[in-house]
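I opened this model to see how the chain is put together. My notes follow, in the order I looked things up.

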Amino acid sequence: MRVVLTFLVNTVFNLIVGLIVAKFLGPEEYGKFALAIAVMTFGQTLAFEWIRLSAVRFYSERTRHETPGIRATLDAAFAWGALLFAPFALALAFFGPEFSLPRDLFALACAASIANGLFDYQTALVRARFDDKLYLRLIVTKNVLALCVTTGAAWATGSAKIALAAGMVSLLGSLLVWRLSLADHGASPKRSESQFVRRYAHYAAPIVAAVVLYQLIPLANRDLAARTFGFAETGRFALAYDLGLRAVMAIGSALDVLLFQIAVRAHDVHGEATARDQVARNIAVVFAILAPGCVGIWIVLPSIEVLIVPQAFRGPFAHFLSLMLPGLFCFGMAQFSINAIFQLARKTWPMVAAALAACLADALFVMILPRGADASTLAIAQSLAFAVGLVTLIGFASANAPQWPRWRDLALTFVGCAGMAALAGPMRALHPGLALMLTQMFFAGAFYALIVAAFDVAGLRSALIEKCAPLLRRLARKGGFFAHFLPL
């Protein structure tokens, strides 16, 4: 649970830093910053994501001691990847085709790919060891540095380039502070083994290809928005997508870091049948939490805009995010629930096919949808593309006869979400603000909690009782109020 809490803390800090940077940079400069971040993420995924995925899947506290060659191989792979990526990326930045992003900012984004890739790789190693305390220290240190350095750079200069460089400082600074705790002293370079590289590449390559294809969609749409409507519109479009994606990723990643590792452990200890059953339960849990989360964001969106979004972005922010939310939900379901079916079976090529279908769908929708005076068409095309990707992925999964969650859990989740929208949705027309948002959260949250408590949707009620039972028993043994209701 500490890892889940850390994910949520990280998301809150990222949200705060992103909003402050957007406020100080303004729509046009933030548009450049957001496009550079998209380039950075794309480069990181292309060059280093396979190493991070391999660390999550094959590295653990046990292998750290029994097979130090695994860590040595991963470290060597990252070092060689950085050495090969850097000159290629710089050559593309300064001598390649023209992009809407200035060449110097493109080059800086490529450098940031290495820094961000290194940070994500190191945190993946820590997560794989279930070292919650070190993971919390890394995240908190990075976020404190980002809050001071990145936002300070944006405030002092108003420059996307300086803000991006400051972000690199916060990443590398955190790793530098905790470098001794991150080291594996037995994983010397001499222990790296080439057969591990082939195994990891075979496992991760289709997953990385799918992620790269998915990332092409918002990257291409941002570039198209910059070319068609200017960087200011790109900034407004990107802020809505970035904050919406962070919210969905916060929910999904917090669940994934726990649920996927449980499924992996079930596969290793009890076999494939138990793992398939666990994945089915995981899908139900993700759906039961992600769906009301997205509905809740839509309900309180007018108040969120008034309370936290910089003035220059208001109006377009809520409009774009409303159009993007269905697609973000589909993306989250694909990434954090359906993908696990293929990852555990180590047959990940359907993930690539689904991502390719999403890319083609985005291009098709961009061409056939009527283009207006803003980037609304791009937001709609993006949502529809992610929906196509999810449907395609489910189709491939169905062909492999997986174990699906109970329809009862899915139906009850839908009923709960519909009730949330019916109760609190009409309040969106009232004057937005903190009081309205808290009122909406109370009515919508209480209704959904009642559904979960009454019908134990996706086993959430049972899991909560099981988690709280030891504490309640300790209170009962000490006497007092709980002693009247709980057996010793």
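I took helices (H or I, at least four residues) and strands (E, at least two) as DSSP runs, numbered from the N terminus. On that basis I get 16 helices and zero strands for the protein chain.

Ground rules before going on. This is a predicted model, so I kept local features to pLDDT of at least 70 and side-chain atom pairs to pLDDT 80 or more, while totals for chains, interfaces and linings use all residues. Residues are numbered from 1 along each chain as its sequence is written, and side-chain values use heavy atoms, with hydrogens and water left out.

**Whole chain.** I call a residue buried under 20% relative accessible area, exposed over 50% and partly exposed in between (1.4 Å probe, protein chains only). Of the 488 residues, 52% come out buried. I also looked at contacts, meaning heavy atoms within 4.5 Å. Among those with a separation of 6 or more, 81% join residues 24 or more positions apart.

**Core.** A nonpolar core here is a set of buried Ala, Val, Leu, Ile, Met, Phe, Trp, Tyr and Cys residues joined through side-chain atoms within 4.5 Å. The largest one has 146 residues, and Tyr30 and Leu74 have the most contacts inside it. Helix H1 (residues 2-58) gives the most to this core, 22 residues. I then listed what Leu74 touches, skipping residues up to four places away in sequence: Ile51, Ser54, Ala55, Tyr59, Tyr121, Leu125 and Tyr200.

**Helix H4.** I checked its length against the expected span, 1.5 Å times one less than the number of residues. For the 26 residues of H4 (residues 103-128) that should be 38 Å, and the end C-alpha atoms are 37 Å apart, so the two agree. H4 is mostly covered, with 19 of its 26 residues buried. Phe130 follows H4 and has a positive phi, near 55°.

**Cysteines.** Which cysteine sulfur is closest to that of Cys294? The sulfur of Cys417 is, but at 8.8 Å it is too far for a bond. Counting a disulfide as a pair of cysteine sulfur atoms within 2.5 Å, I find zero disulfides. Cys294 counts as buried because its relative accessibility is 8%, and Cys359 counts as buried at 16%.

**Pro218.** This proline sits in helix H8 (residues 194-229). Pro218 is buried, with a relative accessible area of 9%. Leaving out residues up to four places away in sequence, Pro218 touches Tyr241, Gln382 and Phe386. Gln382 is 164 residues from Pro218 along the chain, yet their C-alpha atoms are separated by 7.2 Å.
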